[in-house]
Amino acid sequence: MFDVHLHLFPPEITCCIDKYTAKDPFLHQICSSKGHKYATVEDLLQVMERCGVEMAAVSGFAAKDQGLCRLMNDYVLEAARRYPRRLLAMAVVSPEQPGFAQEIRRAAEEGAAGVGELFPWGQGFPLEGKEADRLAGLCREGNLPLLLHVNEIVGHHYTGKGDISIKEAAFFASNHAEQDIIFAHWGGGLLFYELMPELHRQFQRVWYDTAAGPFLYDKKIYRVIREIGVLPRVLLGTDYPLISPLRYRREMEEAGLTPAEIAMICSENARRLFFSTEQHMHAD
Ligand SMILES: [Zn+2]
């Protein structure tokens, strides 16, 4: 399996988390929520071993403060250097704050394979306008897929759920049709709108991950995406340490996907996305 959406916290941040959350209401909200867990690289590697996850694209946690983002990035970049065959680093940045372009470029130079997970609502940046265009431009310049949090605009409330949703995500994707964008959490339901032919055409570089799916949708969603025709752009994202990868695969099996379809979602699609260019290939 290849997991594209998971969060690690550097132990030196976890140990004095109150110091950091005091200045960041969104981070505070996430870290003080009931189900929140912290995982280190070592924790993750054990779970990967146990569950049969070969590759993981790991993020820290995107904060409002650029300096804190940088600390998160240092941790995942170092982890990816230590385990080049198992881990890819995703860089987090704060697009409205000074130094964000430098941080994307720095992370790319140090081997980042993508940018994200970013939280437009939680970090307080819009998906339209100058900074959003700049973000897409920098990702494109570095050939970096961009993982963006999107949640449903309806349904039950949960921590981290904000009101930047499918409308803003669709606008951003249409404006940057040449950029690989992963919309997290099934794109907040945006994928259902790929039944509209013009969106399906525009969204050929839009990917959707399954993160937190078991808390959001009936597992029938796996049959629905096959029918809509987006299965080749769906990626396994676990939101580890929130949910085990095995639970996702079990739901795919129970929903009746074929082994070949499960292999696409669990691994092949992500390999196509991250390894389609030489530049991201790790020397074996
Ligand atoms: Zn998310």
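## Asn143 and the basis of the model

Asn143 is partly exposed, because 15 other C-beta atoms lie within 10 Å; by this scale a residue is buried with 20 or more other C-beta atoms within 10 Å of its own, exposed with 12 or fewer, and partly exposed in between, the C-beta atoms being placed from the backbone. Asn143 belongs to the loop between helix H8 (130-141) and strand S5 (146-148). Helices (H or I, at least four residues) and strands (E, at least two) are DSSP runs, numbered from the N terminus.

The structure is a predicted model, in which local features need pLDDT of at least 70, side-chain atom pairs count only at pLDDT 80 or more, and totals for chains, interfaces and linings use all residues. Residues are numbered from 1 along each chain as its sequence is written.

Most residues other than glycine have a negative phi, and most peptide bonds are trans. Asn143 is not a glycine, yet its phi is positive, at about 55 degrees. Asp239, also not a glycine, has a positive phi of about 60 degrees. Asp239 is situated in the loop between S8 and H13, and it counts as buried because 21 other C-beta atoms lie within 10 Å.

Two cis peptide bonds may be described here. One joins Tyr240 to Pro241, with omega near 5 degrees; Pro241 lies in the loop between strand S8 (234-235) and H13. Another joins Gly116 and Glu117, with omega about -10 degrees, and Glu117 is part of strand S4 (residues 114-118).

Lys37 is in the loop between helix H3 (25-31) and H4, and it counts as exposed because it has 10 C-beta neighbours inside 10 Å.

Which residues of H13 are buried? They are Pro245, Tyr248 and Met252. These residues cover an arc of only 65 degrees around the axis and therefore lie on the same side of H13; the arc is that of the directions from the helix axis to the C-beta atoms. The face turned away from this buried side carries the exposed residues Arg247 and Glu254. The buried residues pack against strand S1 (2-7), helix H4 (41-51), helix H11 (213-216), helix H12 (221-228) and H14. After H13 comes Gly256, with a positive phi near 95 degrees.

## Two helix pairs

The axes of H13 (residues 245-255) and H14 (residues 259-275) come within 10 Å and cross at roughly 155 degrees. H13 is therefore roughly antiparallel to H14. Axes are lines fitted to C-alpha atoms, for helices over the stretch in contact, and angles run from 0 to 180 degrees between N-to-C directions; angles under 35 degrees count as roughly parallel, over 145 as roughly antiparallel, 65 to 115 as roughly perpendicular and the rest as oblique. Arg249, Met252 and Glu253 of H13 meet Ile262, Ile265 and Cys266 of H14, contact requiring C-beta atoms, placed from the backbone, within 7 Å.

The axes of helix H5 (residues 66-82) and helix H6 (residues 100-109) come within 11 Å and cross at roughly 5 degrees, so H5 and H6 are roughly parallel to each other. In this contact, Gln66, Cys69, Arg70, Asn73 and Leu77 of H5 meet Phe100, Glu103 and Ala107 of H6.

Technical notes:
Contact = placed C-beta atoms within 7 Å.
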